[in-house]
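Subject: Structure handover

Hi,

Here is the model you asked about. Please open it first, then read the notes below.

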Amino acid sequence: MSRRQAATWEEAAQEPALTIDALGKKCPIPIILLAEQIRSVPLNAIVAVLADDPAAYTDVPAWCRLKSHPHVATYELPKGGWAIHVRRNY
């Protein structure tokens, strides 16, 4: 296992410090909630955004690139939608 793979696994294994439930809400609401709340967690902490709007699947990672917060991973939820994990960078 390479060092990068190990870092990715460690990032994925970290529990979210905050979970934002945006299930049932249309974009851009998941992004607005993330932008409003990301500074409420410590630096390098994970924020999980729960969303089921298909636009959020691509828009949240795009917001991460735009704002320089790493998109750690996206996981499918058992009842539909995703848990999109974002690491607070600043």
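What percentage of the 90 residues of the protein chain count as buried? The value is 38%. Buried means under 20% relative accessible area, exposed means over 50%, and partly exposed lies in between, with a 1.4 Å probe and protein chains only.

Some ground rules before the details. This is a predicted model, so local features need pLDDT of at least 70, side-chain atom pairs count only at pLDDT 80 or more, and totals for chains, interfaces and linings use all residues. Residues are numbered from 1 along each chain as its sequence is written, and side-chain values use heavy atoms, with hydrogens and water left out.

**Overall layout**

The protein chain has 3 helices and 4 strands. Read from the N terminus, the order is α-β-α-β-α-β-β. Helices (H or I, at least four residues) and strands (E, at least two) are DSSP runs, numbered from the N terminus.

Contacts in the protein chain reach across the sequence. Take those with a separation of 6 or more: 64% of them come from residues 24 or more positions apart. Contact means heavy atoms within 4.5 Å.

The accessible surface of the protein chain is about 5,500 Å². Carbon and sulfur atoms hold 55% of that surface. The areas come from the Shrake-Rupley method with a 1.4 Å probe; for residues, only the protein chains shown count as cover.

**The α2 and α3 pair**

Two packed helices are described by the angle between their axes and the distance between the axes. Helix α2 covers residues 29–37 and helix α3 covers residues 54–67. They pack at an angle of about 30 degrees, and their axes are 9 Å apart. That angle makes α2 roughly parallel to α3. Axes are lines fitted to C-alpha atoms, for helices over the stretch in contact, and angles run from 0 to 180 degrees between N-to-C directions. Angles under 35 degrees count as roughly parallel, over 145 as roughly antiparallel, 65 to 115 as roughly perpendicular, and the rest as oblique.

The crossing of α2 and α3 is right-handed. A crossing is right-handed if the near helix is turned clockwise from the far one by less than a right angle, and left-handed if anticlockwise.

Which residues make the contact? From α2 come P30, I31, L34 and A35. From α3 come A56, D59, V60 and W63. By class, the contact has 7 nonpolar, no polar and 1 charged residues. Here Ala, Val, Leu, Ile, Met, Phe, Trp, Tyr, Cys and Pro count as nonpolar, Asp, Glu, Lys and Arg as charged, and the others, Gly among them, as polar.

Q37 is also in helix α2. Q37 is partly exposed, at 26% relative accessible area. Leaving out residues up to four places away in sequence, Q37 touches L18 and I20. Q37 and V47 are 10 residues apart in sequence, and their C-alpha atoms are 8.9 Å apart.

**Around the end of α3**

K67 sits in helix α3. K67 is partly exposed, at 36% relative accessibility. K67 and Y90 are 23 residues apart in sequence, yet 9.6 Å apart in space, C-alpha to C-alpha.

S68 belongs to the loop between α3 and β3. S68 is not a glycine, but its phi is positive, at about 60 degrees. S68 is partly exposed, at 44%.

H69 lies in the loop between α3 and β3 (71–76). Is H69 buried or exposed? H69 is buried, at 4% relative accessibility. Leaving aside neighbours within four places in sequence, H69 contacts I38, W63, C64, V86, R87, R88, N89 and Y90.

**Other loops**

C27 and P28 are joined by a cis peptide bond, with omega about 15 degrees. P28 is in the loop between β1 (18–21) and α2.

D53 is in the loop between β2 and α3. D53 is buried, at 11% relative accessibility. D53 touches K25, K26, C27 and W82, not counting residues up to four places away in sequence. D53 and K25 are 28 residues apart in sequence, with C-alpha atoms 6.9 Å apart.

N44 is in the loop between α2 and β2 (46–51). Phi of N44 is positive, near 70 degrees, in a residue other than glycine. N44 is partly exposed, at 45% relative accessibility.

Best wishes
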